[in-house]
Amino acid sequence: MNTERLSKIILGPVVAEKASRVAEDHNQVVLKVLPNANKAEIKKAVESLFDVKVAAVSTANVKGKVKRVGRSFGKRSDWKKAYVTLADGADLNFLGE
C-alpha cells in the first residue's frame, strides 16, 4: 500500500467517555478514520505510524445528527470510527505521558 495513503487514513483519536472505558477494559483505541478506509488499511496505518502490534480492527459508520438553527435544518457530516485492539503488552498513549 501507498505510504502517503496510510499517513492520511487516521484523522485523530476519539475522545469520549466510552472510548476511555473501552481503552481500559479491552486494550483498544478508538480512532476517527477516512470513510473509505478498510480494516486492512487501518491496521497497516496504525502499525506503521505508532509502531505497535494490532490484533484486530472493528469499524462503525456514524451517521451525522440533524441539527436545527432557528427555522432552518442542517446535518453534521457522517464519519467512520475504528476500534483498534492492540496486542498483549502493546500500549498507545496520545497524551504523551
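This is a predicted model: local features need pLDDT of at least 70, side-chain atom pairs count only at pLDDT 80 or more; totals for chains, interfaces and linings use all residues.
Two strands count as paired if DSSP finds at least two bridges between them.

Four strands build an open sheet, arranged in the order 1-2-6-3 with antiparallel pairing. Strand 1 (10–13) and strand 3 (54–62) lie at the edges, and each has a single partner strand, so one side of each is left without a neighbour in the sheet. From one strand to the next, the twist averages 30°.

Helix 2 (residues 17–26) touches strand 2 and strand 6 (79–86), and the direction of helix 2 makes about 140° with that of strand 2. Helix 3 (residues 39–50) touches strand 1, strand 2, strand 3 and strand 6 as it packs on the sheet. The direction of helix 3 makes about 125° with that of strand 3.

The remaining pair to follow is a hairpin. Strand 4 (residues 66–69) and strand 5 (residues 72–75) run antiparallel, with four bridges joining them. Here valine 66 is found opposite lysine 75 in strand 5. Two residues lie between the strands of this hairpin, and glycine 70 takes a positive phi near 65° there.

Notes: Residues are numbered from 1 along each chain as its sequence is written. Side-chain values use heavy atoms; hydrogens and water are left out. Axes are lines fitted to C-alpha atoms, for helices over the stretch in contact, and angles run from 0 to 180 degrees between N-to-C directions. Contact means heavy atoms within 4.5 Å.
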